[in-house]
Amino acid sequence: MTIKRQVITAAHWGGLKVTLENGIITRSATAFSAEQENELQTVVAEQVYSSSRVKFPMIRKGFFEGNSDRTLRGRDQWIRLSWPQALDWVHNELTRVRQNYGAQAIFGGSYGWKSSGALHSSRTLLQRYFNLTGGFVNSFGDYSTAAAQQILPYVVGGNEVYQQTSAWETVLAHSEIIVLWGANPLTTLRNTWTATDQQGIAYFRQAQQAGKRIICIDPVRSQSCERLKAEWLPIHAGTDVALMLALAYTLAEEALLDRAFLRTHTQGYEIFEAYLLGKTDNQPKTAQWASRICGLPASQIQQLARDFSRHRTLLMAGWGMQRRKYGEQPAWMLVVLAAMLGQIGLPGGGFSFSHVNGNGGVARSQAGVLGKISEKPTNFRPHFTAAIPVSRLTDALLHPHKTISFNGGKITYPDIKLIYWAGGNPLSQQHDLNLAAQAWRRPECIIVNEINWTPTAKMADIVLPITTSFERNDLTQSGSFSMRHLLPMKQAVPPQFEAKNDYDIFLELAKRAGVAEQFSEGKTEWDWLREFYSSLQKCGQNLPSFDDFWRANQPLIFAAEESDKYWVKYADFRRDPQAHPLNTASGKIEIYSETVAAMRYADCQGHPMWFEPEENARHDARYPLTLVTPHSPYRLHSQLAQTSLRRHYALNGREPARIHPIDAKARGICHGDVICIESPRGRVLAAAQVTESVRQGVIALYQGAWYNPLNPGETENPLCKNGCANVLTSDESSSQLSQGNAPNGCAVQVTKFSGKAPEITAFLPPDGV
């Protein structure tokens, strides 16, 4: 007899209905209707029962035996431990390093795309444990928006990328032109930081159906461009600022700019205009000048400026164009262009950095914000605290005690002796991975909490097996900004093999450190969840009891706040800038920032500028092509890369690399051929996807593939078998202001691979495990 049941749970890719038969997960699908099918929701069973899972606590053989040769990381044998043994090893290593070197020698690593739950947040739990046991070195910023989130507060008083934007209802009612600038929302909205409900996707479809003119400015014709039937303007990769400046020049030259708005709502336009017109550098930023850089015809650039000025235009920016050298400039210049159009604060006009991520623009619900566990326990007294930019970890490991500039100040790297990473896969997401792999051999000890044998786990000394979110109980909300649903994240199956929750692991470590009571605050898992739920009961909604909610096994759906449905960002500021100033030095939009100018950085000055990327100097006969690394629709960074979703994108079993037919023909490459992509930093194998959906001169390789070196430990021109784009990218920083990551736009060469291509082993456990 088959016993069948369904449970409701959630992940970053949405609310999920999981079907079990005789206790085994057999199917998963969306928990509520979706405007667009989201295949990411179908592979829960594969995540739980994956052959790549870490099954038991493991320790690297050389580390266990006291062998100090850290080059064995990534190619050593492994030994199984019992849980008490493993936890004792971790506790003793943490104690040893803290006593010998101090808290400044311990790096607590995690990242934002860990589990989307209020309780089982690996990043929060790791930091909570460290905060109770003497402190640690943290990281700040992120790989997604590091440059934008540092510069935009100087320009508009907020970081914009993680803030709500104008309501979609105002866009549908008033926007005439929607510009997707380096953005692919039909892919990026399939995930969000909590659990996506894909409402943003539905709104984009409505915009298309309403006949809005949608323009995609991108070197790649994206999924969104195709499905929204948008106009594609295929610019050269990394030339967004040049195009923006030429649009601005045309507005100024043809008197199409809104000087009244600039006079009353902005600061420093005259200084910027002198640069724009070439008075300060003898180079007017004309359409003809930009055409030579960005590859669009000058007449098209000029007409685009006229169209923007004569129609209500909303510039929706993606985040990829600021993930490059001088990444602050496109974010800043986009705001300046919108200010010159004079439409900021008008319904359907201006700029946005969050319509394309996190379902921004979807009206906030009446639910309130769900409570969650804090990295700072009740009555917490801080110990040692320090932090480095997340993108500078490789540099910090290789160059301890080095001092770098950051945002007007200085940061000195600590000498990191131990890394404890819980939540994330940095040895796929960090840049210049061959260099990163060398850096990861420097610490004395690396501990990783992991679900799967990721590249990061394989480069550790101690690996602790972690549950998936489908093997524990939790709560989350959907939409990130809208909070439309409250989702019970119900445990579908018991922990597999010997996996444990991060919470339980850190509680056990806290016991060994004598701080268990402070860590748990005397609460069980159910105590915590009831407490979080009670925070919503205070919002004035008539909610069922927690027990009734949990028993019902259904999401709670909340209505939107009526006042938010037609909210226009910056409307109050536009109406009265004196009464509603921005949180900038002048209270206005800072086209010229005296604060930034006073930092005296050569790579980020007082107003947005065009800087020729240093990587462009490598675009010669050896490296003539430009790499771009868009998001795949079928994984979240490196998550789900090991599942059968690969069949949707893999070409002949390998990561696809889109190449223009002219570039392919010049190299004797045919569709499906195994190719080698090489940069000054390394080589990867991929399969050639010959297509006109990329601009000539551009290679598009999805980010997020698992790092899979042919010979781990090799330092001479190492090869990744699995097409991991970050083997090719640069670890240099965006600028001294943000110290953000700058992987995009690296120079590469592509050749047809000869001989038998090596087998991909990225998803296999280490030999003998």
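Helices, here H or I runs of at least four residues, and strands, E runs of at least two, are taken from DSSP and numbered from the N terminus. With that in hand, let me say what kind of model we are looking at. This is a predicted model, in which local features need pLDDT of at least 70 and side-chain atom pairs count only at pLDDT 80 or more, while totals for chains, interfaces and linings use all residues. Residues are numbered from 1 along each chain as its sequence is written, and side-chain values use heavy atoms, with hydrogens and water left out.

Helix H12, residues 269–276, has 6 of its 8 residues buried, so it is largely enclosed by the rest of the structure; buried means under 20% relative accessible area, exposed means over 50%, and partly exposed is in between, with a 1.4 Å probe and protein chains only. The buried residues of H12 are Tyr 269, Phe 272, Glu 273, Ala 274, Tyr 275 and Leu 276, and they pack against H10, helix H11 (259–265), strand S11 (266–267) and H15. After H12 comes Gly 278, which has a positive phi, near 85°.

Helix H8, residues 199–209, also has buried residues, namely Gln 199, Gly 200, Ile 201, Ala 202, Tyr 203, Phe 204 and Ala 207. Their cover includes helix H6 (168–174), strand S8 (177–181), helix H7 (185–188) and strand S12 (313–317). Here too a glycine follows, Gly 211, with a positive phi near 80°.

How many cavities of 30 Å³ or more does the structure hold? There are 6 of them, where a cavity is a set of points, on a 1 Å grid over the protein atoms alone, at which a 1.4 Å probe fits but cannot get out, and lining residues have an atom within 4 Å of a point. Grid points are joined across faces, edges and corners, and the volume is the space filled by probe spheres set on the points.

The largest cavity has a volume of about 700 Å³, and of the 39 residues that line it, Trp 113, Lys 114, Gly 424, Ile 451 and Gln 639 lie nearest its centre. At least two lining residues come from each of strand S1 (4–11), strand S17 (418–422), helix H17 (426–429) and strand S18 (445–450). By type, the lining consists of 15 nonpolar, 20 polar and 4 charged residues, with Ala, Val, Leu, Ile, Met, Phe, Trp, Tyr, Cys and Pro counted as nonpolar, Asp, Glu, Lys and Arg as charged, and the others, Gly among them, as polar.

The second largest cavity has a volume of about 100 Å³, and the closest to its centre among its 13 lining residues are Gly 238, Val 241, Lys 325, Tyr 326 and Trp 610. Two or more of the lining residues come from helix H10 (240–253), and likewise from helix H15 (328–341). This lining divides into 8 nonpolar, 2 polar and 3 charged residues.

Next, the rings. A search of the whole structure finds 35 aromatic pairs, meaning rings of Phe, Tyr and Trp (its six-membered ring) whose centres lie within 6.5 Å, with planes under 30 degrees apart called stacked, over 60 edge-to-face and the rest tilted. One of these is the edge-to-face pair of Trp 78 and Trp 453, at 5.1 Å centre to centre and 65° between the planes. The two partners are 375 residues apart, with Trp 78 in strand S5 (residues 78–80) and Trp 453 in the loop between S18 and helix H19 (455–458), and both Trp 78 and Trp 453 are buried.

Another pair, Phe 140 with Phe 406, is tilted, at 4.9 Å centre to centre and 55° between the planes. It links strand S7 (residues 135–140), which holds Phe 140, to strand S15 (residues 403–406), which holds Phe 406, across 266 residues.

Finally, two charges sit over rings, which requires NZ of Lys or CZ of Arg within 6 Å of the ring centre and within 35 degrees of the ring normal. Arg 128 lies over the face of Phe 519, at 5.6 Å from the ring centre, and Lys 500 lies over the face of Trp 83, at 5.4 Å.

Terms used:
1 Å grid on protein atoms, 1.4 Å probe; cavity = no way out; pocket = protein on both sides within 12 Å on 5 of 7 lines; lining within 4 Å. Contact = heavy atoms within 4.5 Å.
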